[in-house]
Amino acid sequence: MSEAISRKVKKRPFSIAINENDSLVGDFYFIETKEKLPIVILIHGFTGSKDWGFLPFLAENLAQNHFLAITFNFSYDGVAENRDWVDDTDKFAQNTITRE
């Protein structure tokens with residue numbers, strides 16, 4: 001499923017199972033084209049989220065300029081898929097810079 005962000009940019013969510021309890025969730029930002037696109041991976045800071053601050057804006061702008069931008073949440077940041085807040089406080093409490 002893709003969501004149109006602007007006229008040309010699309011956003012497609014993804015999820016990668018790390019183990020039976022943890023997943024890495026993220027989004028691809030891209031324009032549909034037959035050309036190969038360079039990839040930029042955007043990583044949020046400690047206790048951040050892929051959907052906070054400037055990351056969505058930056059990802060969309062990179063996609064408009066013919067990059068495939070990837071954003072993701074670390075598995076222990078406590079933010080569930082498609083949420084804008086920390087809702088898994090147990091995981092968030094276990095999170096460390098080293099773990100990320």
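User: What share of the residues in the chain is buried?

Analyst: Buried means under 20% relative accessible area, exposed means over 50%, and partly exposed lies in between, with a 1.4 Å probe and protein chains only. In this chain of 100 residues, 35% are buried. The model is predicted: local features need pLDDT of at least 70, side-chain atom pairs count only at pLDDT 80 or more, and totals for chains, interfaces and linings use all residues. Residues are numbered from 1 along each chain as its sequence is written, and side-chain values use heavy atoms, with hydrogens and water left out.

User: In what order do the elements of the chain run?

Analyst: Helices (H or I, at least four residues) and strands (E, at least two) are DSSP runs, numbered from the N terminus. Here there are 2 helices and 5 strands, and from the N terminus they follow the order β-β-β-β-α-β-α.

User: Which strands are joined to β3 by bridges?

Analyst: Two strands pair if DSSP finds at least two bridges between them. Strand β2 (residues 9-17) runs antiparallel to β3 and is joined to it by 9 bridges; lysine 10, for example, has phenylalanine 30 as its bridge partner in β3. These two strands form a hairpin with 5 residues between them. Strand β5 (residues 68-73) is also antiparallel to β3, with 5 bridges, and there asparagine 73 stands opposite valine 25.

User: Why is β3 described as largely enclosed by the rest of the structure?

Analyst: Of the 9 residues of β3 (residues 23-31), 7 are buried, so the strand is largely enclosed by the rest of the structure.

User: Which residues make up the largest nonpolar core?

Analyst: A nonpolar core is a set of buried Ala, Val, Leu, Ile, Met, Phe, Trp, Tyr and Cys residues joined through side-chain atoms within 4.5 Å. The largest one has 9 residues: Val9, Tyr29, Ile31, Leu42, Leu55, Ala59, Leu62, Ala63 and Ala69. The elements that give two or more residues to this core are β3 and α1 (55-64), and α1 supplies the largest share, 4 residues. Another core, of 8 residues, lies apart from it and includes Phe14, Phe30, Leu37 and Leu68.

User: How do the buried residues of α1 fall when seen down its axis?

Analyst: An α-helix has 3.6 residues a turn, so residues three or four places apart point the same way. In α1 the buried residues are Leu55, Ala59, Glu60, Leu62 and Ala63. Down the axis of α1 they fall within an arc of 160°, so they line one face of the helix; the arc is that of the directions from the helix axis to the C-beta atoms. They pack against β2, β3, β4 (39-43) and β5.

User: With which residues is alanine 63 in contact, leaving aside its neighbours within four places in sequence?

Analyst: Contact means heavy atoms within 4.5 Å. Alanine 63, in helix α1, is in contact with Val9, Tyr29, Phe30 and Ile31 once those neighbours are set aside. Its relative accessibility is 0%, so alanine 63 counts as buried. Alanine 63 and phenylalanine 30 are 33 residues apart in sequence but 4.8 Å apart in space, C-alpha to C-alpha.

User: Where is histidine 66 found, and what is its phi?

Analyst: Histidine 66 is in the loop between α1 and β5. Its phi is near 70°, a positive value in a residue other than glycine. Histidine 66 is partly exposed, with a relative accessible area of 32%.
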